[in-house]
Amino acid sequence: MKTATPAVQTPTPRVEEFSGHAYKRRSSWDRKTLLGALPLALKKFAPRAMLHSPVMFTVLVGTIVSLLVCVGQFLTNSPQLVFSIAVTVWLALTVLFGNYSEALAEGRGKAQADSLRASRQGLTARRLSSATGLSGSEESLVAASELHQGDLVVCEAGDVIPSDGEIVEGLAMVDESAITGESAPVVRESGGDRSAVTGGTTVLSDRIVVRITAEPGSTFLDRMIALVEGAERQRTPNEIALHVLLVALTITFLVVTVALVPFSQLAGAVPSPIVLVALLVCLIPTTIGALVPAIGIAGMDRLVQHNVLATSGRAVETAGDITTLMMDKTGTITYGNRRAVEFVPAPGVDRADLVDAARLSSLADETPEGRSIVELAEEQGASPEQGQPTLEDLSAGSDPAEAVEFSAATRMSGLDHGGVKVRKGASSAVGAWAEEAGAALPPAVSATVEELSRRGSTPLVVARAGALGGVSVLGTVELADVVKPGIADRFAALRGMGIRTVMITGDNPLTAAAIAAQAGVDDYLAEATPEDKLARIHSEQAEGRLVAMTGDGTNDAPALAAADVGVAMNSGTQAAKEAANMVDLDSDPTKLLDIVAIGKQLLITRGSLTTFSVANDVAKYFAIIPALFAAVYPGLGLLNVMGLHSPESAILSAVIFNALVIVALVPLALKGVKYRAVSAQNALRRNLLWFGVGGLIAPFIGIKLIDLLVAVLPGIS
Ligand SMILES: Nc1ncnc2c1ncn2[C@@H]1O[C@H](COP(=O)(O)OP(=O)(O)OP(=O)(O)O)[C@@H](O)[C@H]1O
Ligand SMILES: [K+]
Ligand SMILES: [Mg+2]
């Protein structure tokens with residue numbers, strides 16, 4: 001059925017509608033955030049919570065062992081008590097700093113999660129009583145949390161949309177700022193690729209009927225809250241590999257440390273358990289063990305700040321290595337509100353005849369394209385007031401009209417009534433339909449189609465089959481769409497990063513070529529069905545490429561799911577958003593540039609800090625072992641180039657240094673190592689070199705400085 005289109009004109013979309021917007025959120029470095037993370041960090045001391053990091057768990061066990069030793073030394077009045085307490089305190093601080101870095105990374109999302117929660121609170125819905133009838137059904141007020149899939153709700157100007165859904169009737173301006181942070185209103189309408197609405201957003205004008213698509217607790221808002229809080233984080237394959245490495249290193253150094261016992265016993269010295277624990281903690285990779293969760297959370301958080309929601313950390317990392325970006329045209333590269341702007345009659349066809357037929361073919365067409373044709377035709381005089389039939393007129397009586405709905409596979413739509421069939425659609429589709437009845441596209445129509453296509457418009461050919469069988473091609477409708485601005489430069493930047501851009505569209509090759517040229521993509525595929533889109537992704541992957549896909553339509557969903565990284569436009573359909581592993585709230589196809597940079601930065605940051613951490617541990621070994629054993633093996637004293645004050649101060653200084661390094665690197669872990677759009681391979685190699693060398697040198701300087709301070713402490717020998 002067709003209802004009157006509200007009298008609101010689709011405005012020309014503003015640039016701001018998709019220009020990058022970042023949340024104004026609390027910085028990680030203000031007092032409130034810094035203090036707020038503290039209780040959370042203390043909570044993470046629970047042994048169960050600690051188990052996920054074997055390195056830090058080992059430090060916790062070491063802390064408990066030294067605490068017990070302290071108690072023993074207190075009871076026996078040992079002269080080493082001050083030293084032991086100092087080591088124990090710094091061991092505990094090491095664990096705290098690690099927990100704190102994670103809490104700080106999580107804390108950044110907390111404020112945002114709270115405000116998202118607030119926008120969900122107390123939402124009510126005007127539910128319609130029958131799931132079928134739009135007219136005549138009764139409204140009742142229910143809590144949003146009682147809504148289920150398939151329920152129909154009404155939203156009018158001023159109402160907050162209670163849950164996620166698809167508009168089944170009407171058109172409205174919607175303020176999505178609660179979710180996107182972007183204040184420019186967007187158009188949402190039934191029938192096309194812009195029919196999805198999100199719970200928590202506000203209707204600004206008109207009236208829409210929405211079919212709910214989400215169950216309570218699993219709405220977009222729910223998922224977004226879980227995401228910014230870090231609750232949904234799962235280890236990525238890269239993190240798991242690192243985890244295995246850290247466990248192996250921890251076990252190795254545990255063995256090395258324990259082996260020191262018989263070794264020094266031979267020389268007649270019995271090492272104190274405190275010294276052994278301290279040595280172990282200095283040798284295992286505590287720095288990276290402490291910072292790994294913060295690095296991962298911060299990466300996801302950086303995406304959120306770019307208004308991208310990722311449902312898997314794995315996709316974020318994969319994005320760092322993408323080599324091909326595929327994009328849908330309409331709604332992704334262009335704004336997607338293709339509207340009829342002109343009727344071009346075929347030679348010898350009366351203009352009014354074309355306009356009437358075009359309108360008739362679109363009366364039952366619920367797509368935005370179809371509605372825009374009806375609007376333009378009625379503006380040009382073919383209106384019910386002028387004696388043209390409405391859909392209701394045609395549906396009444398003994399021979400009701402039959403709608404032929406548009407599908408991406410047929411590329412055609414129309415209406416059958418009283419033996420007459422009217423069709424409009426892609427010229428190839430309508431041409432083939434006409435040919436079946438022995439007619440062909442007149443050369444003049446083909447010429448018009450070509451001309452319109454060359455300027456990037458989408459031509460729809462209109463044809464009619466009379467009751468007696470003959471088909472006549474009546475002319476062409478021009479659908480115009482606008483390429484989102486600033487795209488060509490961003491695609492050039494992607495090219496600079498070694499990423500090829502490919503546009504895939506259901507549109508004809510000429511329109512595709514024109515839009516491809518305007519947008520500056522490297523390659524395009526025209527007249528693509530959903531299967532073609534999917535096949536193209538599989539073939540790129542078969543050639544060993546990592547493929548990202550950006551799209552908005554239900555027909556893009558299979559491709560979005562198959563791609564290594566699928567980014568759905570927030571303006572798109574629920575199906576697209578569910579199939580993708582990321583949603584771009586700004587609906588900006590060039591956002592992939594930022595996503596790739598964030599992915600690469602994440603990988604480089606983790607690689608650099610791992611290198612630093614391991615280099616650091618190796619250096620610490622050579623810095624403190626000579627000082628430790630100088631008394632036992634005078635020969636080692638020669639190696640004590642650092643001239644550390646005493647074995648006790650050497651070990652305490654190393655433990656303090658080990659803990660402070662974590663604190664010093666928290667900002668880097670959260671902000672990420674600087675990444676410029678140079679080849680990522682080079683960037684990684686250069687960073688590894690710097691962080692490796694830095695990691696080797698730092699302990700010698702740091703431990704020496706701390707040793708100078710520690711040596712003057714009373715109670716340290
Ligand atoms: N309402 C409609 N009625 C008839 N034909 C249509 C209609 N809408 C689009 N078409 C024709 O069908 C073709 C495919 O349209 P569709 O919107 O499915 O493309 P697509 O595969 O989503 O690609 P893209 O979104 O990248 O343009 C269009 O190029 C147009 O010729
Ligand atoms: K360490
Ligand atoms: Mg599309």
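In this predicted model, the shell of residues around ligand 1 comprises five nonpolar, eleven polar and seven charged residues. In total, 23 residues surround ligand 1, and K329, T330, A426, T505 and G506 are the closest. Several secondary-structure elements each contribute at least two residues to this shell, namely the helices α11 (329-333) and α13 (368-379) and the strands β14 (412-417), β15 (420-425) and β16 (458-465). Helix α11 provides the largest share, with three residues.

The position of the ligand can be described in terms of the domain organisation. The protein is divided into domain 1 (31-112 + 228-306 + 596-710), domain 2 (122-218), domain 3 (318-328 + 486-580) and domain 4 (339-480). Ligand 1 lies between domain 3 and domain 4, because both domains give residues to the shell around it.

Domain 3 also touches domain 1. The C-alpha centres of domain 1 and domain 3 are 43 Å apart, and the contact involves seven residues of domain 1 and eight residues of domain 3. On the domain 1 side, helix α22 (residues 592-629) supplies the largest share, five residues. The residues on this side of domain 1 divide into five nonpolar, one polar and one charged.

The unreviewed UniProt entry annotates residues 54-75, 81-100, 240-262, 274-297, 621-644, 650-670 and 690-716 with the term "transmembrane region". Two of these spans were examined for their secondary structure. Residues 240-262 are 100% helix and 0% strand, with the end C-alpha atoms 35 Å apart. Residues 274-297 are 92% helix and 0% strand, and here the end C-alpha atoms lie 34 Å apart.

The packing of two helices was also characterised. Helix α7 (residues 237-266) packs against helix α9 (residues 286-305) at an angle of about 170 degrees, and the axes of the two helices are 11 Å apart. Helix α7 is therefore roughly antiparallel to α9, given that angles over 145 degrees are counted as roughly antiparallel. The contact is formed by E239, L242 and L246 of α7 together with I288, G289, V292 and G296 of α9. By residue class, the contact between α7 and α9 consists of four nonpolar, two polar and one charged residue.

How values were computed. Residues numbered from 1 in each chain as written. Chains lettered and ligands numbered in written order. Predicted model: local features only at pLDDT ≥ 70, side-chain atom pairs only at ≥ 80, totals over all residues. UniProt positions renumbered as here; feature names shortened; annotations may be inferred. Helix = DSSP H or I, 4+ residues; strand = E, 2+ residues; numbered from the N terminus. Near = placed C-beta within 6 Å. Nonpolar A, V, L, I, M, F, W, Y, C, P; charged D, E, K, R; others polar. Domains from an automatic or database assignment. Axes fitted to C-alpha atoms, helices over the stretch in contact; angles between N-to-C directions. Parallel < 35°, antiparallel > 145°, perpendicular 65-115°, else oblique. Contact = placed C-beta atoms within 7 Å.
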